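Okay, thanks for coming, everyone. Let me put the model up, and then we'll walk through the strands, the aromatic rings and the surface.

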Amino acid sequence: RSPDAPTSNTEEEDEARGTWGEGKEEAEGEEEEEEDDFGDASEEESEDPWAVELQEKYVAWRQTVDQVPHNFFKLVRVIMNVLGSMKKLYQAAAGRNQQRAAALQKPGNQRTIKERFLVEEVIVRYKYFRNLLPEQTSALTKHVYHKVYAAGDNIYKDGDPASAYYIVASGHVQILRKRENDDSKRVVVAEHFTGESFGEATLSLGPKTRHTTIGFCYSQCEIFTITRQGYMETVAKSHFERVQAVTTLMKQLPCFRPLLKSDQGRQLLDLAAAAFVERVVPQGTVVVQQDEESDINFFYLVKKGRLQVIR
């Protein structure tokens with residue numbers, strides 16, 4: 001080899017290394033450019049409206065899912081509070097019913113103001129007492145009693161003193177009368193169901209009157225009993241005042257004036273007045289219509305207001 005060979009080899013190696021280094025730098029530069037291009041492409045893709053909307057929906061969905069346990073337990077708490085309130089109301093109502101039942105068993109003159117108020121809550125539910133004045137209703141609370149009868153029991157028998165007015169709180173009551181030729185057999189002359197009353201006709205005949213019928217419980221019955229004194233001081237008085245008001249109105253009508261000429265006519269007028277039932281009719285209501293059965297079964301008096309007859 002010549003003395004310059006090592007030198008030339010070294011130079012060639014250096015040149016080769018230099019060339020390789022430049023190639024490496026160029027390759028690295030190309031890779032960086034490709035990465036920049038890819039990054040730019042990613043940025044362009046992330047700016048796509050569809051991708052942004054999808055991302056927002058995903059975030060909203062995650063928030064909803066995260067809130068589900070909180071909303072569920074909140075709903076459970078609301079339900080538990082409602083159930084607790086219902087339980088308290090039920091317990092309060094049960095307590096009032098127990099107090100009312102105890103008050104109805106006590107003598108009327110021994111009831112406290114609170115107990116009389118509990119009794120009043122019951123009697124105002126029935127239509128027979130809705131026309132009473134407040135002071136009459138309050139006085140009636142001293143004369144009301146309550147009793148439960150089993151099926152087959154007699155509330156009263158024929159020959160018993162007529163001493164009470166009866167209201168059927170629940171059940172089915174039959175009024176029976178003995179056959180004239182056979183005392184062992186009975187005939188049903190009337191029936192009363194929940195919310196109805198009986199006994200007023202016998203009370204109106206006088207204090208010494210006795211029943212000629214039998215009050216028979218066809219099923220288990222709850223009966224409210226009003227003493228004779230309570231009935232005459234409140235219900236009967238209110239009924240008499242109502243009848244007097246209707247009689248005064250009837251006397252003003254020409255069709256009833258012939259009845260005023262005799263005692264018998266005036267008695268018939270009072271009986272007719274007692275048969276009237278007062279009803280409040282809203283404006284625009286059709287009271288009676290042609291070809292209806294009510295057209296021939298009822299007679300109408302306009303106590304207050306204006307009624308038009310249209311053909």
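Let's start in the sheet: Ile167 stands opposite Phe224 in E8. Before I go on, this is a predicted model, where local features need pLDDT of at least 70, side-chain atom pairs count only at pLDDT 80 or more, and totals for chains, interfaces and linings use all residues. Residues are numbered from 1 along each chain as its sequence is written, and side-chain values use heavy atoms, with hydrogens and water left out.

Strand E3 (residues 164–170) and strand E8 (residues 221–227) run antiparallel, joined by six bridges. Strands here are DSSP runs of E with at least two residues, helices are runs of H or I with at least four, and both are numbered from the N terminus. Two strands pair if DSSP finds at least two bridges between them. The open sheet has four strands, ordered E1-E8-E3-E6, with antiparallel pairing. At its edges sit E1 (144–149) and E6 (197–198), each pairing on one side only.

Now the rings. How many aromatic pairs does the structure hold? Five. To count, ring centres of Phe, Tyr or Trp (its six-membered ring) must lie within 6.5 Å; planes under 30 degrees apart are stacked, over 60 edge-to-face, and the rest tilted. One of the pairs is Tyr156 with Tyr166, stacked at 5.7 Å centre to centre and 25° between the planes. Tyr156 lies in strand E2 (residues 154–156) and Tyr166 in E3, so this pair ties together parts 10 residues apart in sequence. Both are buried, Tyr156 with 7% relative accessible area and Tyr166 with 6%. By buried I mean under 20%, with exposed over 50% and partly exposed in between (1.4 Å probe, protein chains only).

Then there's Tyr165 with Tyr231: centres 4.8 Å apart, planes at 35°, so that one is tilted. Here the link spans 66 residues, from Tyr165 in E3 to Tyr231 in helix H6. Again, Tyr165 and Tyr231 are both buried.

While we're on H6 (residues 228–251), have a look at Ala236, where the helix bends by about 35°. That's the angle between axes fitted to the seven residues ending there and the seven starting there. Buried residues in H6 include Ala236 itself, along with Thr234, Val235 and Ser238.

Last stop: Met80, in helix H2 (residues 49–105). Is Met80 buried or exposed? Its relative accessibility is 52%, so Met80 counts as exposed. Okay, over to you for comments.
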